[in-house]
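Subject: Structure for you to look at, with notes

Dear colleague,

Please read them with the structure open beside you.

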Amino acid sequence: YCLGVGSGTDAIFLSLKALGVKQNDEVITTSYTFYATVGAIVTAGCKPIFVDINDSLNIDPDQIEKKISKKTKAIVIVHWSGYACDMTKIVKISKKYKVPIIEDACHGIKAKYNKKYLGTFGLTGCFSMHPLKNLNVWGDGGFLVTNSKKMFSKISLLRNHGLVSRDKCKIYGFNSRLDSIQAIVANNLLVKINKITNSRIANARFYDLHLKKIKQIIIPNYDLTKTKHVYHLYIILVKQRSSLMSFLQKNGIDAKIHYPIPMHLQPASKIYRYKRGDFPFTEKISKNIMSLPVHEFLSKKNLLFVIKKIKEFYEN
């Protein structure tokens, strides 16, 4: 089943509400993600229980099990940047404790793990079609997929005020329908998604080939033998990040930081009493991570210019 909703955030939120979460239930997730992941958990009434990442930059599955309690109602994993979490280990934990997986696959359209599409491992897979996503619309939009008829039926109600007809409300729900105009835009782009995906992968490979030769840069430890990384973001770990980013931006290169402040250290998370040092790998990565343009509109000339400027910075 597939359901269009108002955003990727809503896809996560509605998945949790359809599970029947209650106030102060716990949901395990990563601290290294966009605000929307945690926002969906909190606005659903749950407490986020953070887990550190490993060198894949995704949630460390070896640290999930010790965070499970009687209050745990779901594990919201994030396939960050378009690279798959270790689903073999995470699915095993989910089955052992009977805790459902909600996949935040907002970066992961067309990505795979062991030849299986991301978003199809959990109870639901949640996708964003924000204008910056690989599959995008002209405003906000999202969708979710599920193999559960029960979840499909419940979310179908929840996204449309709980209405079973114009005049009858079965449950009180929300307003999170995918706008018809945005659906038209998405359907038009959907036929191009393979080309878009392949372009991003090719651009990332080109970067890898050249940037791995620069000693001040580390490319994250991706296992590309069993995963298909779709590069919503192209990530590198760099030295002298602030100076490098300023230099690149002055040269018209849209370098970004995703993300400088981990979720457990955000002002909004103070109520959960996390502190600096709780998730050391997450905090370390946040200090030297940088993303480079990798979108499908880049030419080889553009890519070579980015590489040239990075080399120029470190050679001077």
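How are α7 and α9 oriented to each other? In this predicted model, helix α7, which covers residues 241-250, packs with helix α9, residues 300-315, at an angle of about 135°, and their axes are 10 Å apart. An angle over 145 degrees would count as roughly antiparallel and one of 65 to 115 as roughly perpendicular, with the rest oblique, and α7 and α9 are therefore oblique to each other. The crossing of α7 with α9 is right-handed. On the α7 side the meeting residues are Ser243, Leu244, Phe247 and Leu248, and on the α9 side they are Lys309, Ile310, Glu312, Phe313 and Tyr314. Sorted by class, that contact of α7 with α9 has six nonpolar residues, one polar residue and two charged residues.

Thr9, Ile12, Phe13 and Leu16 contribute from α1, while Ala36, Thr37, Ala40, Ile41 and Thr43 contribute from α2. By class, the contact of α1 with α2 has six nonpolar and three polar residues, and no charged ones.

Within α1 I also looked at Gly8, which has its place in that helix. Gly8 has a relative accessible area of 3% and is buried. Although 121 residues separate Gly8 from Met129 in sequence, the two are 7.1 Å apart in space, taken from C-alpha to C-alpha. Once its neighbours within four places in sequence are left aside, Gly8 is in contact with Cys106, Cys126, Phe127, Ser128, Gly141 and Gly142.

Turning to the strands, is β2 enclosed or open to the outside? Five of the five residues of β2 (residues 26-30) are buried, so this strand is largely enclosed by the rest of the structure. In a regular strand, side chains alternate between the two faces of the sheet. In β2, Glu26, Ile28 and Thr30 point one way, whereas Val27 and Thr29 point the other way, and all of them are buried. The strand β2 pairs with β3 (residues 47-51) in the parallel sense, over five bridges, and the bridge partner of Glu26 in β3 is Lys47.

There is also an open sheet of three strands, in the order β7-β6-β11, with antiparallel pairing. Its edge strands are β7 (116-117) and β11 (227-228), each of which pairs on one side only. Strand β6 (residues 112-113) pairs with β7 over two bridges in the antiparallel sense, and Tyr113 stands opposite Lys116 of β7.

Finally, a note on Leu123, which is found in the loop between β7 and β8 (124-128). With a relative accessibility of 25%, Leu123 counts as partly exposed. Leu123 and Thr146 lie 23 residues apart in sequence and 6.0 Å apart in space, C-alpha to C-alpha. Apart from its neighbours within four places in sequence, Leu123 is in contact with Leu19, Pro100, Ile101, Ile102, Val145, Thr146, Asn147, Ser148 and Met151.

With best wishes

Methods
Residues are numbered from 1 along each chain as its sequence is written. This is a predicted model: local features need pLDDT of at least 70, side-chain atom pairs count only at pLDDT 80 or more; totals for chains, interfaces and linings use all residues. Side-chain values use heavy atoms; hydrogens and water are left out. Axes are lines fitted to C-alpha atoms, for helices over the stretch in contact, and angles run from 0 to 180 degrees between N-to-C directions. Helices (H or I, at least four residues) and strands (E, at least two) are DSSP runs, numbered from the N terminus. Angles under 35 degrees count as roughly parallel, over 145 as roughly antiparallel, 65 to 115 as roughly perpendicular and the rest as oblique. A crossing is left-handed if the near helix is turned anticlockwise from the far one by less than a right angle, and right-handed if clockwise. Contact means heavy atoms within 4.5 Å. Ala, Val, Leu, Ile, Met, Phe, Trp, Tyr, Cys and Pro count as nonpolar, Asp, Glu, Lys and Arg as charged, and the others, Gly among them, as polar. Buried means under 20% relative accessible area, exposed over 50%, partly exposed in between (1.4 Å probe, protein chains only). Two strands pair if DSSP finds at least two bridges between them.
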